[in-house]
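This briefing goes through selected parts of a structure, grouped by topic. Keep the sequence and the structure in view while reading.

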Number of protein chains: 2
Amino acid sequence: MPALNRAYVLELDAADALAQFRNEFQLPDRVIYLNGNSLGAMPKHAMEIARRTLMEEWATDLIKSWNTADWFHLPQRLGRQVASLVGAAEDELVVTDATGINLFKALAAALALRPDRNVIVMEGSNFPTDNYTAQGLIALLGNRHRIRFAEHDEILPAIDDQVAVVALTDVHYKTGRVHDMAEITARAHAKGALTVWDLCHSAGVMPVDLNRCQADFAVGCTYKYLNGGPGSPAFIFAARRHHGTATQPLTGWFGHASPFAFERDYRPAPGIEQMLSGTPPVVSLAVAEAGISMTARAPMAAIREKSQRLGDLFINLVDEHCGEFDFKLASPRDAHHRGSQVSFLHAHGYPIMRALIGWGVIGDFRAPDILRFGFAPLYLRYVDVWDAAQILREVMETEAWRRPEFNTRLSVT
Amino acid sequence: MPALNRAYVLELDAADALAQFRNEFQLPDRVIYLNGNSLGAMPKHAMEIARRTLMEEWATDLIKSWNTADWFHLPQRLGRQVASLVGAAEDELVVTDATGINLFKALAAALALRPDRNVIVMEGSNFPTDNYTAQGLIALLGNRHRIRFAEHDEILPAIDDQVAVVALTDVHYKTGRVHDMAEITARAHAKGALTVWDLCHSAGVMPVDLNRCQADFAVGCTYKYLNGGPGSPAFIFAARRHHGTATQPLTGWFGHASPFAFERDYRPAPGIEQMLSGTPPVVSLAVAEAGISMTARAPMAAIREKSQRLGDLFINLVDEHCGEFDFKLASPRDAHHRGSQVSFLHAHGYPIMRALIGWGVIGDFRAPDILRFGFAPLYLRYVDVWDAAQILREVMETEAWRRPEFNTRLSVT
C-alpha cells in the first residue's frame with residue numbers, strides 16, 4: 001500500500017470513474033456525509049421532479065395526470081429500474097408501500113406456500129423492524145408459527161425441514177457484515193424452505209443477483225443507497241415462478257386483475273401487480289425516480305469497487321491515525337464480507353459521534369457502543385474519507401467529545 | 001327560489017364567506033374542476049413545503065432532519081389536524097400508509113376484540129377496495145369469517161349478534177348517499193359489534209363526529225377533500241378506550257413502544273402510535289400538510305352549507321337546462337342525505353363525460369352509466385357550477401359527445 005497522505009487520496013479522486021456523479025447531488029457545504037446507509041443524499045434532479053409533479057401535473061392536469069403523467073405505472077416504472085440493480089427481471093419487482101409492509105406481504109405469501117411448516121429463520125440482531133413484522137404476522141395467524149433466531153454462522157445449520165421461510169437482511173445494519181445469499185438460498189431450497197431477502201443495505205451499492213441465487217421474494221427500501229428521499233416507497237420482488245400461486249394478503253384495488261372494473265370481489269392480478277395494495281404516495285414515488293434512475297445508469301462494478309476502497313481507506317486511516325484511542329473494528333476487515341459501511345465500537349461512542357457531527361462529519365450511533373460510517377460511492381470522495389479520519393483524530397486528541405453538550409441525549413421520538 | 005341566472009350566482013359568490021380560500025389554490029385556467037371527490041386541487045403552499053422539504057431539509061440537514069424538521073412526528077402532527085375535522089381527540093388519529101393498509105389494521109384489530117363472532121357487515125356496492133381488504137384479511141385468517149353484504153336500508157337489520165364488525169364508507173362513492181353514522185354505530189354497539197368507518201368521501205367536506213357517535217375505528221384518505229396531493233398518506237383513528245387493548249398486526253418500528261431502543265422483540269406503543277408501521281413517505285406526508293391545515297382552519301359549518309348549496313344548484317340547473325336530455329339523478333335530492341357530490345345516470349355517460357372534459361369541465365365516469373360531479377367548497381365558485389351546467393347543455397345540444405374521439409376507451413392501467 002502506498003503512503004497514506006492527502007495528496008495520495010486526491011490522486012485517487014482524480015482517477016475515480018464515478019467522480020462526475022457527485023455533481024448530480026445537492027450536497028451541503030462543509031459537511032462530510034457518512035450516513036448514506038441511513039438516508040441517501042439528494043439528487044439535484046429530485047427538486048425538478050417535485051416541481052414538475054406538483055406544478056405541471058397535480059396543479060395543472062389534476063386527476064388526468066394519472067393517465068397523462070402515467071402516475072398509474074410509477075410502481076412498475078421504478079420497479080424496472082430497481083430490478084436492473086438487484087438481478088431481477090423487469091416484471092418481477094414493483095416500488096410501493098414501506099419495507100415492513102412489503103415484508104409482511106412476502107412473508108405471508110411465502111408461509112402460505114409452505115402450509116405444513118411452522119418455522120421462520122431470522123437473524124435477531126439485525127434491524128429489528130423485520131422481527132416485529134414477522135411477530136405481528138405470526139400473532140395474526142394464531143401463533144402457529146415461530147421464529148428461530150440464528151446469528152450469522154448459526155444460520156445454515158438452523159435451516160432444517162421444519163423451516164418454511166428464511167427471512168434475512170443480507171447486510172447487517174450494525175456491522176455491515178454480508179451473508180452469502182447464494183449459499184443460504186441454496187440451503188433453504190435444499191431443505192424445502194423459501195427465502196425472503198431484505199436488501200435495504202445492499203440495493204444500489206452492491207451487486208445483488210436475486211435470480212442467479214434463485215431467491216423467492218425480496219424487499220428493500222429506496223432511501224439509503226438508492227437516494228430516493230426520506231421514507232421513499234420500498235420495493236418488493238417476487239420470482240416469476242411464484243406469480244399466480246403466491247398471493248399477498250394486503251389486497252387492494254391496485255393489485256386487482258381489473259382495477260377499473262370496480263368489481264365487488266377481489267381477483268388477484270396475475271403478475272407482480274398483485275403485490276400492490278392501495279393508491280401509492282405519488283409525490284414521494286415520483287421524486288424517488290431521481291436517485292433510482294441515476295443509480296441504475298451507474299456501473300455497478302465501479303460502485304462496488306469504490307465502496308470497498310472507501311471502506312478500506314477509512315479502516316486504514318483509523319488504524320494509523322487513531323490507533324491509541326481504543327476504537328475496535330466491528331465490521332469485517334475483508335471488504336468482500338462487508339457492505340458499504342464501516343462500524344467501530346467505542347465505550348464513549350455516543351458523545352464521540354455527537355462531537356463528530358458537531359465538527360461536520362455525519363455518521364450515526366447505535367446503542368450501546370457502535371459508531372456507523374456509511375460510504376456512498378456516487379457522492380463521496382476519497383478525500384472526504386481522509387478528512388473524516390483527521391477530524392475523528394482531532395475530536396479524540398482534543399477530547400472535544402467530553403464537552404457536556406455532546407453528552408446529553410437527543411430525543412428522537 | 002330566485003330565478004336562476006348568471007347574475008344571481010355571481011351574487012352568491014360575492015356573499016360567499018369561503019371565497020378567499022380559492023386564492024390559496026393553484027388552479028388551471030379555463031378548467032372547471034368538479035373532481036375534488038377523486039383528487040383535490042393543489043394548495044399553493046404545497047409547492048413551498050415541497051421546496052423546503054427537499055432543499056432545506058433533505059439536501060441540507062440530511063439525516064438530522066428527522067429531528068430538526070421533526071419528520072418523526074409528521075404522522076401525529078397531521079393527525080391532530082385531521083382529528084379536529086372528524087370529531088376525534090388529538091391523540092386518537094395519525095396520518096400514515098394508504099387507506100386500504102389502514103383498513104386492514106383497523107379490521108384486524110376489531111376482529112381480535114370480538115373473537116367469538118365471525119361476520120363483517122359491508123356495503124358491497126361501495127368503493128370495492130374496502131371489500132378487497134376484508135377479503136384478503138379473511139383469507140389470511142383461514143376463512144373463519146365472512147362478509148355479509150348489505151345495501152343501505154338493509155344495513156341496520158343485517159347487524160345481529162353474529163356481527164363482529166360493521167365496516168362502512170359513510171358516503172357512497174357512486175351516489176354520494178350518506179349513512180347515518182350515529183344510528184348505525186348505536187345499532188352495532190347494541191348488538192355487541194364494533195364499527196370501522198371509512199371517511200374517504202367525508203373528511204374535510206362534511207361534519208363528522210366520531211366520538212359523539214362513539215365510533216371505534218376509522219380510516220380515510222387525505223387526497224380528496226383534504227387536498228393532500230396525489231396518493232397522499234391516509235389516516236387511521238382508534239378510540240382512546242381501545243388503546244392498549246386493540247393491537248394492529250402490521251407491527252413495525254414506528255409503532256414500537258421504544259423505536260430507538262432497537263429491541264429484538266416487538267412491544268406495542270401504548271397510544272395511537274401503535275397504529276404506525278414503518279418509515280413514512282416524508283415528502284408526500286409533508287406536502288399533505290398544506291391542504292390538511294388549510295381545511296382545518298376553515299369553518300366546517302360554512303363548508304357543509306356551501307357544499308350543499310353547490311350541489312343543489314347543479315341539480316336545479318341540470319333539471320332546468322338539460323331536462324330533455326335524459327339525465328337521471330342518482331344522488332339523493334335532499335342535500336342532508338348527500339355528501340359533496342352529485343351523480344347522474346345516462347346511457348351515454350362515458351362519451352358525455354369525455355366530451356365534457358374536452359370542453360374543460362372535469363368530472364368522472366364510473367361504469368356502467370354514472371357521471372360524477374364533486375363540489376369542493378374551498379375552491380369552487382357558484383359561477384363554476386353555473387358554467388358547468390351550461391357547458392353540459394352545449395355538449396348535449398350539439399351532440400358533441402357523439403364524436404368518435406370521445407367514444408374510444410382511455411386505457412388507465
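**Helices over the sheet of chain B**

Helix α8 of chain B, residues 181-190, lies across β7 and β8 of chain B and runs at about 155° to β8(B). The model is predicted.

**The seven-stranded sheet**

- Seven strands of chain B form an open sheet in the order β4-β10-β9-β8-β7-β5-β6, and the pairing is mixed.
- The edges are β4 (93-95) and β6 (146-149) of chain B; each has a single partner strand, so one side of each has no neighbour in the sheet.
- From one strand to the next, the twist averages 20°.
- Strands of a sheet pair through backbone hydrogen bonds, and the pairing is either parallel or antiparallel.
- One antiparallel pair is β9 (residues 217-220) and β10 (residues 235-238) of chain B, joined by four bridges.
- Within this pair, B:Phe217 has B:Ala238 in β10(B) as its bridge partner.

**Strand β12 of chain B and its partners**

- Strand β12 of chain B covers residues 341-345, and four of its five residues are buried.
- Two bridges connect β12(B) with β11 (residues 328-329) of chain B, and these strands run antiparallel.
- Opposite B:Lys328 stands B:Leu345 in β12(B).
- Five bridges connect β12(B) with β15 (residues 370-374) of chain B, again in an antiparallel arrangement.
- Here B:Phe344 is placed opposite B:Leu371 in β15(B).

**A buried residue: B:Val395**

- B:Val395 belongs to helix α12 (residues 382-397) of chain B.
- Is B:Val395 buried or exposed? B:Val395 counts as buried because it has 24 C-beta neighbours inside 10 Å, and the cut-off for buried is 20 or more.
- Leaving out residues up to four places away in sequence, B:Val395 touches B:Ile352, B:Ala355, B:Leu356, B:Trp359, B:Ala400 and B:Trp401.
- B:Met353 is 42 residues from B:Val395 along the chain, and their C-alpha atoms are separated by 9.5 Å.

**Two domains in chain A**

- Chain A is divided into domain 1, made of 6-43 and 299-402, and domain 2, made of 70-297.
- The C-alpha centres of these two domains of chain A lie 29 Å apart.
- Domain 1 of chain A gives 28 residues to the contact between them, and domain 2 of chain A gives 22 residues.
- On the domain 1 side, α10 (300-321) and β12 (341-345) of chain A are the elements that give two or more residues.
- The largest share of that side comes from α10(A), with four residues.
- By class, the domain 1 side has 13 nonpolar, 11 polar and four charged residues.

**The contact between chains A and B**

- How many residues does the contact take from each chain? There are 74 residues from chain A and 75 residues from chain B.
- On the chain A side, the elements that supply at least two residues each are α2 (44-61), α3 (65-68), α5 (99-113), α6 (129-140), α9 (282-297) and β14 (364-366).
- The element that gives the most to this side is α6(A), with nine residues.
- The side of chain A that touches chain B has 44 nonpolar, 25 polar and five charged residues.

Terms used. Residues numbered from 1 in each chain as written. Chains lettered and ligands numbered in written order. Predicted model: local features only at pLDDT ≥ 70, side-chain atom pairs only at ≥ 80, totals over all residues. Contact = placed C-beta atoms within 7 Å. Nonpolar A, V, L, I, M, F, W, Y, C, P; charged D, E, K, R; others polar. Buried ≥ 20, exposed ≤ 12 C-beta atoms within 10 Å, placed from the backbone. Pairing = 2+ DSSP bridges. Axes fitted to C-alpha atoms, helices over the stretch in contact; angles between N-to-C directions. Domains from an automatic or database assignment.
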